[in-house]
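Please take me on a guided tour of this protein chain, telling me what to select in my viewer at each stop and what is to be found there.

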Amino acid sequence: MIKYRPEIDGLRTIAVLSVVFYHAELFIGDRQLFRGGFLGVDVFFVISGYLITSIILKEAAGAEFSFLRFYERRVRRLLPALVVVLLATTLAAVPMLHASALKEFAGSAITSLLFSSNIWFWLQDAYTAEPSRLKPLLHTWTLSVEEQFYIIFPVLVLLVLKLRKSLLLPSLGLVFLSSLLAAQVSSQHAPEANFYLLPMRAWELMAGAILASLEMRYGRQSHRVSQSTLPWLGLSLVCGPILFFHHGLPHPSVLTLAPVLGVALLIWFTRPGGLVTTLLSLRPMVWIGLTSYSLYLWHFPMFALARVHFGELSLGLTLGLIAGSVLLSGLSYLWIEKPFRNTRRVSLNRFTALAGLLVGLLLFINGAIVILDGRVKLPGGSHYAYTQAQIESGRNARFDGVRQRCVRLGWEVCDAPQDGRQNILIVGDSHTVDALNALEVVFPRAHLMQSTLPGCPPSPDIRALVSATHPDLPQCETINRERFDPASLQGVDMVVITYLGDWYGPDDLEPYLQFLTANTDVPIIWFGNYFHLTANFPDLLRERDGLEGVDSLGGQIRSRFLYEDQNTQLAASYGVIYVSKRDALCDGDDCPLFAEGEPFTWDKHHLSRSFARRLGEALKEDLRPLISSEP
């Protein structure tokens, strides 16, 4: 057995609290506190690499290592609390999540039990999946990374030790460097894979493994001066990035070396009696560290489901959720984690039977949800009874892709042409987001830009078209002067036009078509209209459990495919590609009102994100050849 070090539990406390406070989204003014709190996961990885390697090497040195015993300990450590959290979260999710979100949740629950939820979340389409903060099991990706590490790593270590012990450190170093290089490259070219997958996270685990290997071979030797100074440097390298990094930085990457090095310094140089060791070993720090696994498991589903139900969380509710998570984690540690780790209290046979029963139950429930496409109707409920929080979440989700892109690129250059990219300019009113969400599917590698303002389509004399009470009339005039400036087309490889066809008709668009065809020879695409309702669609659905099609809405449709014939004729006269949503989506008079269980609109006419993706899928074959370099 390795010697217990309470300061490592204190370090776990820093890691888990940074993650909890990051997910709590606490702000002072417009600045988020602990905005680099996601680095707590990286801290956990280094600690895990150190402790697991220490166990393997010490048991192997005494010829005591047993794969069966090693994996039994890992399963006893991780599975009981995870199963309880999954059961509780599933019971809460069924009545709270709409169909597409519930189906996605069920997939994440199944893959978390199969040690692959990191791959599941990596494969999720960012523009059709639920926003990250509303996915109750998103945090389980880290467990899958560790579980994959536990499966592979002991086998490789024992093979190297059997071949030649002296090769262990060089082998760990080679994996460290290769993985770090892969992370650095992937942070620029494949950020989603970089974030979720083991090959780009292995270097953090290897940092801890190298420490354990050095300690096993040479002992934890250090000078007295370094023992008094380097722990402070390590603490600074951990806490500084947690406070000042942000998710717009490439991660993991060479920048992540700072907290990883900080953890390594703390593990190696802290000694009993040192001030940093004393601080990390305080009883509250140790206690939270001991319960950190349960705290990590409980806090995120509570935040996610609360946001689904309430929308944005008040400070009081946020603090209440933090306190509730801490309380649940303590109970979970005492009543679930500790008893099931004790082989004398719970035998292997009893543990296997109970775990098998509960895992089987979870797989059955969530498998049924997937088979039913998430459309699980509770007694007395309606398929279409969306809560106000779900409606607000769906409306906000339209902008998730824009936010992700602009955070990654920088808001100041998000709508400017990018060198070396295919640049597509989307011009119109609030419907530009719908076109963007559809075109992300069609042109996944293109850079999509917006020239947009609500209620502000392109016109050389917008005051003649809009009401004088338009709240953004001066900005609308400004943006339209820019739209009719030939400089606005520099670096643009395609122009897409989209707007609400209501008060603004084909004749009003013709001046902009004249301007475009006179100043550019790039492809021009014009998106037509879909349905415009008289009331918000979720309100119309609230009392309808037998919605069979468009005709079921009766007189609630204000317009459908408005100006379709006029638009088609005008587009043809200017050589513009007209996208008919009727032709793309409908089979005769049979037009879809849902996509992936999500309504086509969360209001009266703006397309939901899932429905915009459905439109994009329908347009792939016809539009992709317009940019020849697109795959």
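What percentage of the 631 residues in the protein chain do buried residues make up? They make up 54%, where buried means under 20% relative accessible area, exposed over 50% and partly exposed in between, with a 1.4 Å probe and protein chains only. Before going further, keep in mind that this is a predicted model, in which local features need pLDDT of at least 70 and side-chain atom pairs count only at pLDDT 80 or more, while totals for chains, interfaces and linings use all residues. Residues are numbered from 1 along each chain as its sequence is written, and side-chain values use heavy atoms, with hydrogens and water left out.

**The whole chain**

Begin with the protein chain in a cartoon view, where there are 25 helices and 11 strands; these are DSSP runs numbered from the N terminus, with helices (H or I) of at least four residues and strands (E) of at least two. The radius of gyration of the protein chain is 28 Å, close to the 25 Å of the globule rule for 631 residues, so the chain is as compact as a globular protein of that length. That radius is taken over C-alpha atoms, and the rule is 2.2 Å times the number of residues to the power 0.38. If you turn the model along its principal axes, the C-alpha atoms fill a box of roughly 85 × 55 × 45 Å.

**The disulfides**

Next, select the cysteines, among which a search of the whole structure finds 3 disulfides, a disulfide being a pair of cysteine sulfur atoms within 2.5 Å.

Go to Cys406 and Cys414, which are joined with an S to S distance of 1.9 Å and are both buried. The torsion about their S-S bond is about -70°, so this disulfide is left-handed.

Now move to Cys456 and Cys476, whose disulfide has an S to S distance of 2.1 Å and, because the torsion about the S-S bond is about 100°, is right-handed. This pair links distant parts of the chain, 20 residues apart, with Cys456 in the loop between β4 (447-452) and α20 (473-483) and Cys476 in helix α20. Cys456 counts as buried because its relative accessibility is 0%, and Cys476 is buried at 0% too.

Then select Cys586 and Cys591, which form a disulfide with their sulfur atoms 2.1 Å apart and are both buried; their link is right-handed, with 115° about the S-S bond.

**A last stop**

Finally, select Cys239, which has 27% relative accessibility and therefore counts as partly exposed.
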